[in-house]
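Thank you all for making time this morning. I would like to walk you through one model, with the picture on the screen while I talk.

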Amino acid sequence: MKRTVFAYPYIVWMLIFILAPMLLIVWYAFSKGGSFTLGNLITAFSDPVYMRVLLRSVWIALKATAICLLLGYPIAYLLSAMKKSTASLLYVLFIVPMWMNFLLRTYAWQVLLDKSGILNTLLAFLHLPAQNMLYTESAIMLGTVYNFLPFMILPIYTVLIKLDASLVEAAHDLGANGIITFFKVILPQSIPGIISGITMVFIPAITTFAISRLLGGGKFMLYGDLIENQFITLGKDAWPVGSALSFILLVLVLASMAVMRQAERNAGEEGGILW
Amino acid sequence: MVKKLWGFFKNTYLALMLLFLYAPILVLMVFSFNESKTMGNWTGFSLKWYQALLKDGTIMDALGVTLSVAVISAVVATVLGTLAAIGIHSMHKRRRAVVENISQLPMVNPDLVTGISFMMLFALLGLKGGYVRMLIAHITFNIPYVIFSVLPKLRQSSNQLYEAAMDLGCTPWTALRKVVIPDIMPGIVSGFILSFTLSLDDFVVSWFATSGIQNLSIYIYSIARRGISPKINALSAILFVAVITLLLIVNLKSIREEREAEKQAKKLRA
């Protein structure tokens, strides 16, 4: 008996529950009444509301990713330069929130930002006027950054602790000061970590939908909310356009992954020359 | 002087970032003991939200669903995934590439798209049971993680052991049980743990794939959408303490070992 037989139960499962559902999305996105059409895709692109939501999602995800990188890189760098046992402990502390259900992490900000919430009570205590913080676009941004920051720290830290310390010593011996060493030696070496960090933040950020509902109060739809709305609220009639929207999201995600992979390859090849 | 200032700056930055990450959770926990329903206003210590939580049948049902789906889906995914990995490992190049690429779909796909695709499939199949739907969805997104934790272990282990066992008269099943499985056990275990945690934490796929049944995530979302509820605070506090204790137990061991190693190294240098 050949060993490939062991895979057969899974292959049946895979065809029914992995491949078929994906084909369904493609089928609904490109058909109308059984014949091929681009109409659903055109609707998804030409509707001004859909377009605005798409652009807003990309923009928020980009901003959140940039902020995560700016906040997260220094954290990863400082940890990697510490004594190993201290660093491991702090690293665990920075990563633990990742293991908490993301709805609860988001909910925590709902509590903080609420009109009669803690931050406003604090403001009142300082005799400052209460602010409308919840249900704004900034609240969505904050929630996104808060949720995904550990995903940026994790890969960068992993790359930085593996960095060959003798390279840094060599740079110092050759007369480079701390700043030059950082930009010419450490930063270029950590690019693979930065790239996977960006991927790990940007992709979930662009596909999220619950964060915008809880912190944006449904006022600021993101692409994920739009898709959810098509399927949950509008029902079966909206499947074709909903599938087209999902298809666009999928292509967007795959394209950004391809870009990141290419960037990683380039960094690997010309890391030294680039900087 | 400059060095001291830099050191102070470094520590302050790290402390602020930890504060940013933990303050919301801590505030949530503190106010879960608040008597009043409004968060901004501390009226006195009370355990009443915890009592309400324990009495709430819906939450307990949701917890039951979450745990049972996590256990069952992780077990099924581990069995199917391990067998699949063993089969895939001995496939020819082209077929193997096809199966591996399709298997990566659930890992690459945004959860949202995975969830929606399940929703459409189950509707077309006329599958009504919410629990079965959730279970199938969880097994499906778990299997690839098992396969890709087991495959590297198979690559490290020798093919000849299995052949040898068969030559010595083992049936394929016995050879598998006695020779192959023990060799790849670490991969199987990490695949199982990964599956269990992914299932425990899942919200998006469950939200779309099932109807009429709630796991903890779906319950939290449906309550939080309507605003703040102290019961959710109490629930968060319990879950957070559970998670942090577990992680600290797992990690402290390795940290302590590192400390020991550092001490040893220092002694050697001295």
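Let me begin with a question: at roughly what angle do the axes of helix H8 of chain A and helix H9 of chain A cross, and within what distance do they come? Please keep in mind, before I answer, that this is a predicted model. The axes of H8, which covers residues 165–173 of chain A, and of H9, which covers residues 178–189 of chain A, cross at roughly 145 degrees and come within 10 Å. The crossing of H8(A) past H9(A) is right-handed. From H8(A) the residues involved are A:Leu167, A:Val168, A:Ala171 and A:His172, and they meet A:Thr181, A:Lys184, A:Val185 and A:Ile186 in H9(A). Sorted by class, that contact holds five nonpolar residues, two polar ones and one charged one.

Now to a second pair in chain A, helix H4 with residues 84–95 and helix H7 with residues 137–162, which pack at an angle of about 150 degrees with their axes 9 Å apart. H4(A) and H7(A) are therefore roughly antiparallel to each other. On the H4(A) side we find A:Tyr91, A:Phe94 and A:Ile95, and these meet A:Pro150, A:Ile153, A:Leu154 and A:Tyr157 in H7(A). The contact of H4(A) with H7(A) is made of seven nonpolar residues, with no polar and no charged ones.

One more helix deserves a moment, and that is H10 of chain A, residues 191–207, whose 17 residues reach 24 Å from the first C-alpha to the last, close to the 24 Å expected at 1.5 Å a residue. H10(A) is mostly covered, since 14 of its 17 residues are buried.

Of the 275 residues in chain A, 43% are buried. If we take the contacts in chain A with a separation of 6 or more, 72% of them are between residues 24 or more positions apart.

Key
Residues numbered from 1 in each chain as written. Chains lettered and ligands numbered in written order. Predicted model: local features only at pLDDT ≥ 70, side-chain atom pairs only at ≥ 80, totals over all residues. Axes fitted to C-alpha atoms, helices over the stretch in contact; angles between N-to-C directions. Helix = DSSP H or I, 4+ residues; strand = E, 2+ residues; numbered from the N terminus. Parallel < 35°, antiparallel > 145°, perpendicular 65-115°, else oblique. Contact = placed C-beta atoms within 7 Å. Nonpolar A, V, L, I, M, F, W, Y, C, P; charged D, E, K, R; others polar. Left-handed = near helix turned anticlockwise from the far one by under 90°. Expected span 1.5 Å × (residues − 1). Buried ≥ 20, exposed ≤ 12 C-beta atoms within 10 Å, placed from the backbone.
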